[in-house]
Amino acid sequence: LGPDCINLLAGGIRTADRVLTVSPNYAVEICSPEGGNGLHELLQRRGGELRLAGVLNGISDEWCPTTDPKIPRNYRLADMEEGKRV
């Protein structure tokens, strides 16, 4: 790309509060020249600011349906089907 081109993905990474990937390993991979496709230095900086992370299997281990205030009804394993039905 030439100097008159803009990279919208780079702009998004610069302005994002956090950058999340599909796994912790992929977060590491995109910080390498081979995996970052020209964005590795920017992604390394975001990682150094603790603003780059990977979420294993798309589920944060910090999330807990028994205490989450943002879901309509809290549930646990014993009443999971009823809780998810809401």
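Author: On the side of α4 facing away from its buried face, Glu41 and Gly48 are exposed (over 50% relative accessible area with a 1.4 Å probe, protein chains only; buried is under 20%, partly exposed in between). Helices are DSSP runs of H or I with at least four residues and strands runs of E with at least two, numbered from the N terminus. This is a predicted model, in which local features need pLDDT of at least 70 and side-chain atom pairs count only at pLDDT 80 or more, while totals for chains, interfaces and linings use all residues. Residues are numbered from 1 along each chain as its sequence is written, and side-chain values use heavy atoms, leaving out hydrogens and water.

Reader: Which residues of α4 are buried?

Author: In α4, residues 40-48, the buried ones are His40, Leu42, Leu43 and Arg46. They line one face of the helix, because they fall within an arc of 160° seen down its axis, taken from the directions from the helix axis to the C-beta atoms.

Reader: What do they pack against?

Author: The buried residues of α4 pack against α1, β1 (19-21), α3 and β2 (52-54), contact being heavy atoms within 4.5 Å.

Reader: And Leu42, what is in contact with it beyond its neighbours within four places in sequence?

Author: Leu42 is then in contact with Ala10, Ile13 and Arg14.

Reader: What follows α4?

Author: Just after α4 comes Leu50, with a positive phi of about 60°.
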